[in-house]
Amino acid sequence: GAKILHFGYPPIMRMMYVDGGEQLRGIMARARRAGLVTSLDMCGVDPASQAGRVDWPGLLGRVLPEVDLFAPSLDELRFMLGRSASGEGVATASELREISGAMLEMGAAIVVLKLGDQGLYLRVTDDETKLARIAERLGLSLPAWLACEHHAPCFAAEYVSANGAGDSTIAGLLAALLRGEPPEVALRSATAVGACSVEAPDATSGIPRWEEIESRLRSGWRQLPSRVGL
């Protein structure tokens, strides 16, 4: 009865990055053959570790054709692609489009980049055939998602800790996909869950039931100013 397989943190699982990520590719491929939508997250890479010497562009090029939703942070991708941060590390529209475009070309259908306190960025393939399978499985509107691009700023929160906030944000996004939400609403839902997460010292205890988050959104929950320039 599952619809999504979400897999995280290959850079700290040796068998997922040796041999060019062949085992990771195999997991994603088997899941897709079983009818699941595949989702892949990353984590920071220690440059001094074995993972720091991996050919990450090569690995991504091998794995992403089997990945429907790719959801790393921008900083993780900057390292993996050998890029330096622009300016003071603030994401720019041109950088987001360039990096997300590269991930789409490598094979991902939906690219979501976590931007820390700058929010969440989404870009979707213009390949209708590639996206149709995902839309059918999750009950998404194909015209609404096809070739779209959105940015959602963070919501104002009583900050306690960012521990696990990125994971909680992607969990919020996956839940939104399972509800069949359109892209701009799904991104807002995801950042709302992330904002709740930072209001507690751990990743999840600050997150209430979805109905409570929805009520908070309806009450006019303030979003922070965007610095991304989209």
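Let me start with F155, which has a relative accessibility of 5% and therefore counts as buried. Please keep in mind that everything I describe today comes from a predicted model.

Which ring does F155 pair with? Its partner is W221, and the pair is tilted, with 4.6 Å from centre to centre and 35° between the planes. W221 has a relative accessibility of 12%, under the 20% cut-off, so this residue counts as buried too. As for location, F155 belongs to the loop between β6 (149-152) and α8 (165-178), whereas W221 belongs to the segment after α10 (210-218); the pair therefore ties together parts that are 66 residues apart in sequence. In total, the count of aromatic pairs comes to two.

W221 also has a charged neighbour. R216 lies over the face of W221, at 3.8 Å from the ring centre.

I turn now to the nonpolar cores. How many residues does the largest one have? The number is 32, and the residues with the most contacts inside this core are W56, F70 and L113. Several elements each supply at least two residues of it: the helices α1 (14-17), α2 (22-33), α3 (56-63), α4 (74-80) and α5 (93-106), together with the strand β4 (110-114). Consider W56 in particular. Leaving aside residues up to four places away in sequence, W56 touches P11, Y17, M42, V45, A51 and M80. There is also a second, separate core, with 27 residues, including I4, I110, L120 and V124.

Is Y9 buried or partly exposed? With a relative accessibility of 30%, Y9 counts as partly exposed, because that class runs between the 20% and 50% limits.

A147 is found in the loop between α7 (142-145) and β6. At 47% relative accessibility, A147 likewise counts as partly exposed.

To return to the opening theme, the tilted pair joins F155 and W221, and R216 lies over the face of W221. Thank you for your attention.

Terms used. Residues are numbered from 1 along each chain as its sequence is written. This is a predicted model: local features need pLDDT of at least 70, side-chain atom pairs count only at pLDDT 80 or more; totals for chains, interfaces and linings use all residues. Side-chain values use heavy atoms; hydrogens and water are left out. A nonpolar core is a set of buried Ala, Val, Leu, Ile, Met, Phe, Trp, Tyr and Cys residues joined through side-chain atoms within 4.5 Å. Buried means under 20% relative accessible area, exposed over 50%, partly exposed in between (1.4 Å probe, protein chains only). Helices (H or I, at least four residues) and strands (E, at least two) are DSSP runs, numbered from the N terminus. Contact means heavy atoms within 4.5 Å. Rings of Phe, Tyr and Trp (its six-membered ring) pair if their centres lie within 6.5 Å; planes under 30 degrees apart count as stacked, over 60 as edge-to-face and the rest as tilted. A charge sits over a ring if NZ of Lys or CZ of Arg is within 6 Å of the ring centre and within 35 degrees of the ring normal.
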